[in-house]
Amino acid sequence: MSSFNIWHYMVLTVIFVVFIVGIIRALKEKNQKMMYSMLFTVTLITVFMAVFSIFVVDKYTKHVKLYDLKNSRLLSLERISYTGIVKNVGKYPIGKVTLEIKLVNKGHVTGSVKGGNFYKPSGFLDFFTGSFGIDKSKPQTLVKKFVVARNLKPGHAHQFYVHFQFPPYFRSVAQFTKLTAR
């Protein structure tokens, strides 16, 4: 669940006032069919505005930074671990901080790129004679998401440790990280 701040409450109050005014205006309508259409439209628009406004307010009021991100591979367990620190640099509390780690295999950078490395052709007969929906190709991208902090107050930091299985066929891996605060 999202941690609301004063801006969330102000925006939702304005949207609620718009909803009430729209309902009152719809109920004053003489035509029955038009009244139901107006009720439905007002409800749909205000719900859409409320959901959209929560994401917009989150984006502009909740700021988090990632410090000292380190990774290490445990070759015996075929596992990779990440440690680091997330800090709330904004003025409002954050309910949940999510770290997304994306690993991309760059094992083909040696110049021996073949079309079969990225594209596996299939046909109509593969549906009947193939592996019955089991994909035997090796994915070249791995994306993992972790909740690394909860209820982070303004100015506070939290240390985290996450780990997951590392594909043994990955070579020369490029990593991308993305933080989201809600």
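Hi everyone, let me begin with one residue. If we set aside its neighbours within four places in sequence, L103 is in contact with Y82, Q140, T141, L142, F164, F166, F170, V173, A174 and Q175. Before I go on, please keep in mind that this is a predicted model.

So where does L103 belong? The largest nonpolar core has 20 residues, and L103 is among the members that touch the most others, along with V86, V97, I101, V148 and F164. The elements giving two or more residues to this core are β2 (79–88), β3, β4 and β5. There is also a second, separate core, made of five residues, and A26, M35, L39 and V42 are included in it.

Now to the strands. Let's take the sheet with β3 in it. Its three strands run in the order β4-β3-β6, as an open sheet with antiparallel pairing. On the edges we find β4 (141–152) and β6 (173–181), each of which pairs on one side only. On average, neighbouring strands here are turned by 15° against each other, if you ignore direction. Please look at β3, residues 94–105, next to β6: the two pair in the antiparallel sense over nine bridges.

β1 and β2 pair in the antiparallel sense over nine bridges, and K65 stands opposite K87 in β2.

While we are on β2, let me stop at S81, which lies in that strand. Is S81 buried or exposed? Its relative accessibility is 5%, so S81 counts as buried. And what does S81 touch, not counting residues up to four places away in sequence? The list is K70, N71, S72, Y161, V162 and H163.

Next, the helices. Helix α1 covers residues 6–27 and helix α2 covers residues 32–61; their axes come within 9 Å and cross at roughly 175°. The two helices are therefore roughly antiparallel to each other. What kinds of residues make up the contact of α1 with α2? They divide into 17 nonpolar, six polar and two charged.

As a reminder, most residues other than glycine have a negative phi. N151 is not a glycine, yet its phi is positive, near 50°. You will find N151 in strand β4, and at 62% relative accessibility it counts as exposed. S172 is the other one I wanted to show: it is not a glycine either, and its phi is positive at about 45°. S172 is found in the loop between β5 (157–165) and β6. With a relative accessible area of 44%, S172 is partly exposed.

Definitions and conventions. Residues are numbered from 1 along each chain as its sequence is written. This is a predicted model: local features need pLDDT of at least 70, side-chain atom pairs count only at pLDDT 80 or more; totals for chains, interfaces and linings use all residues. Side-chain values use heavy atoms; hydrogens and water are left out. Two strands pair if DSSP finds at least two bridges between them. Helices (H or I, at least four residues) and strands (E, at least two) are DSSP runs, numbered from the N terminus. Axes are lines fitted to C-alpha atoms, for helices over the stretch in contact, and angles run from 0 to 180 degrees between N-to-C directions. Buried means under 20% relative accessible area, exposed over 50%, partly exposed in between (1.4 Å probe, protein chains only). A nonpolar core is a set of buried Ala, Val, Leu, Ile, Met, Phe, Trp, Tyr and Cys residues joined through side-chain atoms within 4.5 Å. Contact means heavy atoms within 4.5 Å. Angles under 35 degrees count as roughly parallel, over 145 as roughly antiparallel, 65 to 115 as roughly perpendicular and the rest as oblique. Ala, Val, Leu, Ile, Met, Phe, Trp, Tyr, Cys and Pro count as nonpolar, Asp, Glu, Lys and Arg as charged, and the others, Gly among them, as polar.
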